[in-house]
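Here's a quick tour of a protein model for someone just starting out. Have a look at the sequence and the fold, then read on.

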Amino acid sequence: MVEKSKPVHNKIVRFSKPKFLLYDKEFYLYHFIRAELFDSKAWRWKLLDEVKLPQEESLYRVTKVFMNSSLHWFTWNRNIFEFYVKIESYYLFSFPPPVFKGIDNKDIRLVKYKGKLAIPCTDRENDFMIVWVIDNYNGK
């Protein structure tokens, strides 16, 4: 992320496996992801609170979009993970319900379309595309 300032201010978000896992009752309920943020003003990495996703969730590496000071990814369980860079927090929300209908035969992407988050769905069998534009979600 590059904020408009002089000098240029960069932030880098890094997600990885936690270095240490505590095998407590929460271990079996959640998928933990280590989160770190590099800030070019401070010139250091900052360890953030671990991301806790439901056990069956994980970030899908291929699909990521940056907009409105947030990074967005699909998850393996067909949700959208949003990381707010400025306030260093995250939110997980579901696809729009109609996207799930017949999802197995579609190529689905996460894109920025006219300043909004969108999900184009290409149906390979019937040769058409539907674009779902998420108009106003803001963590909802």
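What follows is a short briefing, grouped by topic.

This is a predicted model, so local features need pLDDT of at least 70 and side-chain atom pairs count only at pLDDT 80 or more, while totals for chains, interfaces and linings use all residues. Residues are numbered from 1 along each chain as its sequence is written, and side-chain values use heavy atoms, with hydrogens and water left out.

**The whole chain**
- You'll find 13 strands and zero helices in the protein chain; helices (H or I, at least four residues) and strands (E, at least two) are DSSP runs, numbered from the N terminus.
- The chain has 140 residues, and 35% of them count as buried; buried means under 20% relative accessible area, exposed over 50%, and partly exposed in between (1.4 Å probe, protein chains only).

**A four-stranded sheet**
- Four strands line up as β6-β7-β8-β9 in an open sheet with antiparallel pairing; two strands pair if DSSP finds at least two bridges between them.
- The edges belong to β6 (59-67) and β9 (89-94), and each has a single partner strand, so one side of each is left without a neighbour in the sheet.
- Strand β8 (residues 79-84) pairs with β9 in the antiparallel sense over six bridges.
- Look for Phe81, which stands opposite Leu92 in β9.

**Leu110, a buried loop residue**
- Leu110 sits in the loop between β10 (106-108) and β11 (111-113).
- Its relative accessibility is 6%, so Leu110 counts as buried.
- Beyond its neighbours within four places in sequence, Leu110 is in contact with several residues, including Trp73, Phe74, Ile80 and Leu117; contact means heavy atoms within 4.5 Å.
- Leu110 and Cys121 are 11 residues apart along the chain, and their C-alpha atoms are separated by 9.4 Å.

**A nonpolar patch on the surface**
- Tyr113, Met129, Val131 and Val133 make up a nonpolar surface patch, with about 350 Å² of accessible area together.
- Val131 is found in β13, and Val131 is partly exposed, with a relative accessible area of 38%.

Definitions and conventions. Patches are made of residues with over 30% relative accessible area and no salt bridge: like charges are joined within 9 Å, nonpolar side chains (Val, Leu, Ile, Met, Phe, Trp, Tyr) within 5 Å. Accessible areas come from the Shrake-Rupley method with a 1.4 Å probe; for residues, only the protein chains shown count as cover. A salt bridge is a side-chain nitrogen of Lys or Arg within 4 Å of a carboxyl oxygen of Asp or Glu.
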